[in-house]
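Please find below some notes on the model, written for a colleague who will want to know the cut-offs behind each term.

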Amino acid sequence: MIPLCEPVLGSRELEYVSECVNTAWVSSAGSYVTKMEHALAERLAAPYVVACNCGTSALHIALKLSGVQPGDEVIVPTVTFIATANAVDYLGASPVFLDCDEYCNLDVAALERFLDSRCESRDGATFNRASGRRLRAVVPVHVFGTPVDMDPLLAAAAEHGLAVVEDAAESLGSLYKGRACGTLAPVACLSFNGNKIVTSGAGGAIVTWDEGVASRARYLTTQAKEAGMEYIHDEVGYNYRMNNILAALGMAQLETLEERLSAKRRNFARYEALLGSDRLVQQPAGCESNRWFYGYLCADQTARDRVLTACEASGIQVRPLWRPVHLQKPYARAETFDITRAIDFYARLVNLPCSVNITLEQISKVASTVQQADNG
Ligand SMILES: *Cc1c(COP(=O)(O)O)cnc(C)c1O
């Protein structure tokens, strides 16, 4: 059995978690939470990091602190994990879904077309002409770890008064023009879910440039409790903080990030040598993806189905691309704009096994199985 993406843990993880148990420091007040926040801030060269119990809650708070309000609209790529859209819905706002580009990322040219052709500006704010609602934010997702083309996206957002929240859940260690994903917008979120490049079992973080956002994030994720002995809460808060056990696990993982990055990148290159670069989703020039997940494009949907079946029969765990979010039941009535490539990628894309400890023999077996089934 070759798993799609299994967590790889070492003795450090056990040592740090044992320390939490032995000292009974298991809650979010433990020292590993702060250690992990500082280590992430240092690795990303980001001023503020607030650890959370998962990436979805980090995204929820990041959007809230970016001003997303009930009745607003938020631009979300249709090719993403559903959590991105769900966080918008939690705030009573509606996602507007846009297509992906050849890198599986939000198509920035489509974003510009949408803003220019479908929206209008009033008093420095942007409104969707069809719905009459205010367009408040855009959420670029660095899909599979590949950086979104952020410079034109940030320019378009600034021109139209939109907040930008980076969903960097998959892109810890990726660089866009030399700058770390997770620091390209004023607020970003990370995830340390079990299959991410660094895992804490479950976990996430809010990354920000803004001291005010960081302290609001800390406050809202700890039930909006005022400082001091008394239980005073002036707002509705959330129980979203990371605990010390998760942070201990995550901290041990983070210490091996560089090795993880080189394994992901080396294994991508091995697949590429065997399968051909035209078949694997690439990264744009000027970017250094962490190569978290590998997207293989089959000839067509029939070939894709053959690949899924052949891999299943050979004990190779592969997955089709996420069903585009605008096709998911909760979002079936959401607004969409010219979505075509996402449909094609959904029909043809397969994610290949990518655990950091996958062997060259396993990669060769996957490649030959996939290639044979794809060619029919
Ligand atoms: C993993 C992931 C999330 C959510 O993270 P959790 O930690 O699982 O809540 C959000 N967005 C994207 C793109 C992800 O891949």
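Predicted model: local features only at pLDDT ≥ 70, side-chain atom pairs only at ≥ 80, totals over all residues.

1. Residues are numbered from 1 along each chain as its sequence is written, and side-chain values use heavy atoms, with hydrogens and water left out.

2. Strand β5 covers residues 125-128, where helices (H or I, at least four residues) and strands (E, at least two) are DSSP runs numbered from the N terminus. Ala125 and Phe127 on one side of β5, and Thr126 and Asn128 on the other, are all buried, and both faces are thus covered; buried means under 20% relative accessible area, exposed over 50%, and partly exposed in between, with a 1.4 Å probe and protein chains only. In a regular strand the side chains alternate between the two faces of the sheet.

3. β5 pairs in the antiparallel sense with strand β4 (residues 119-122) over four bridges, two strands being counted as paired if DSSP finds at least two bridges between them. Glu120 has Phe127 of β5 as its bridge partner. Two residues lie between the strands of this hairpin of β4 and β5, in which Asp123 takes a positive phi near 50 degrees.

4. β5 also pairs with strand β6 (residues 134-138), again in the antiparallel sense, over two bridges, and Thr126 stands opposite Leu135 of β6. The hairpin that β5 and β6 form has five residues between the strands, and Gly132 in its turn has a positive phi of about 75 degrees.

5. An open sheet of three strands, in the order β9-β8-β12, is paired in the antiparallel sense. β9 (179-180) and β12 (287-288) stand at the edges, each with a single partner strand, so one side of each is left without a neighbour in the sheet. Strand β8 (residues 175-176) is joined to β12 by two bridges, and Leu175 has Glu288 of β12 as its bridge partner.

6. Leaving aside neighbours within four places in sequence, Thr84 is in contact with Leu59, Val76, Val139, Val141 and Asp167, contact meaning heavy atoms within 4.5 Å.

7. Ser11, in helix α1 (residues 11-23), is exposed, with a relative accessible area of 61%. Ser11 and Ala252 are 241 residues apart in sequence, and 8.8 Å separate them in space, C-alpha to C-alpha.

8. Two cavities of 30 Å³ or more are found in a search of the whole structure; on a 1 Å grid over the protein atoms alone, a cavity is a set of points where a 1.4 Å probe fits but cannot get out, and lining residues have an atom within 4 Å of a point. The largest cavity has a volume of about 70 Å³, and its lining of 14 residues includes Glu6, Lys196, Ile197, Arg260 and Val356, which lie nearest its centre. Grid points are joined across faces, edges and corners, and a volume is the space filled by probe spheres set on the points.

How values were computed
1 Å grid on protein atoms, 1.4 Å probe; cavity = no way out; pocket = protein on both sides within 12 Å on 5 of 7 lines; lining within 4 Å.
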